[in-house]
Amino acid sequence: MISVVLPLLNQGDRVWPMTEKLKKELMGISSEVIFVDRGSSDDTVFRALTGLNREGMHGCVLQSGRGSAAAAACQAGLSRAEGEFVFFVSDTDRLPDGYLAACVEKARMNEAQILFGYFYDREAQTVERRSMSRAVVNRSGTEYLPAVFSGAFPLQMVQALFRVPFLREKQVYFHEECGCGFDEEFLYTALMRASSVVPVPWKLDILKPYGLEQADSQACRQRVEALLRVRDLAACTASVNLHTQQILQRQVLPAAVVEYIDRMRAEGHKPFEIYRDLHHRGYGKYLHLSRDTTPDLRRRMQEWRTSFLFSGKKEKKPKEKT
């Protein structure tokens, strides 16, 4: 059986279309649908209950509490899941037609701990990505991490089907206080601890990270903290090679910190205020350029440095004449 977990917040007008989509995608598959409400103020809970009933689907509606983060909702759903596999999706619009059935069919043929379809860019396929897309054998999760971290092989939560006993045995869980980056942390942690990962022969379009575009500076800071926990785990995991740790240290974390800086600037924080915050949190050490720094990240780092130096000159008081 597969458990599908969907966190909800004030999505009453979307719940019935979601259940209709899931009914179609789960046809012929033993499944349960777990809606987890985060404290909606509209009729989301009522529509979720009636949606399951009208479609004749096995499932339930949980409540993680008003104001709870999406991570807490996902963890509540994972704790309740009774299926052999669990699939997390924030919106069924991100679920391609027929994809779940393909994942389940592949899962029946092996003992994989994680299964996923692969995203690809039709106009800019790299050799590494093509080699990944042809892979049909079991690999450990750490073998995929360098390509995932570097961006050569985009991988997101909505792609992955997780074996529940594996998650519980390896203690892979969501940090409930995290509102942004929790999905990346969960996925990366699972990959680090998985010994059997199998790709599904299904081509998906590349999606932007869910929720990041609307995130404020506080949410972006939570994402940095989530990635720092991934960094700490990588440092303690002997199976993760040095190259993977360097990509995480020199590319992934700096990009997350620069995103945090950009959001603070957009919210009107002064450069010196941002600088003090970076120094206080220890984020400044991730803003050093290296040969691994991508051109776009290099440009954004230099833009921040220029704005900081320019603001310092503007604020410098002229010397008084004696």
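These legends go with a few close-up views of a predicted model.

**View 1. The second largest pocket, at about 230 Å³.** Here you're looking at a lining made of Tyr275, Leu278, His279, Gly284, Lys285, Leu287, His288, Trp304, Arg305, Phe308 and Leu309. Sorted by class, that gives 6 nonpolar, 3 polar and 2 charged residues. Helix 11 (271-281) and helix 12 (295-315) each put in at least two residues. Helix 12 is the top contributor, with 4 residues.

**View 2. Asp91 and Arg14 meet in a salt bridge.** The structure has 20 salt bridges, and in this one the N to O distance between the two side chains is 3.1 Å. Arg14 sits in helix 1 (residues 12-25) and Asp91 in the loop between strand 4 (85-88) and helix 4 (99-107), so the pair ties together parts that are 77 residues apart in sequence.

**View 3. Glu105 pairs up with Arg108.** The closest N and O atoms of this salt bridge are 3.3 Å apart. Glu105 is partly exposed, at 41% relative accessible area, while Arg108 is exposed, at 57%.

**View 4. Glu259 and Arg300 form a salt bridge.** Their closest N and O atoms lie 3.1 Å apart. Glu259 belongs to helix 10 (residues 242-266) and Arg300 to helix 12, so this pair links distant parts of the chain, 41 residues apart. Both partners count as buried: Glu259 has 15% relative accessibility, and Arg300 has 18%.

How values were computed
Residues numbered from 1 in each chain as written. Predicted model: local features only at pLDDT ≥ 70, side-chain atom pairs only at ≥ 80, totals over all residues. Heavy atoms only, no water. 1 Å grid on protein atoms, 1.4 Å probe; cavity = no way out; pocket = protein on both sides within 12 Å on 5 of 7 lines; lining within 4 Å. Points joined across faces, edges and corners; volume = space filled by probe spheres on them. Nonpolar A, V, L, I, M, F, W, Y, C, P; charged D, E, K, R; others polar. Salt bridge = Lys/Arg side-chain N within 4 Å of Asp/Glu carboxyl O. Buried < 20%, exposed > 50% of the residue type's maximum accessible area, 1.4 Å probe, protein only.
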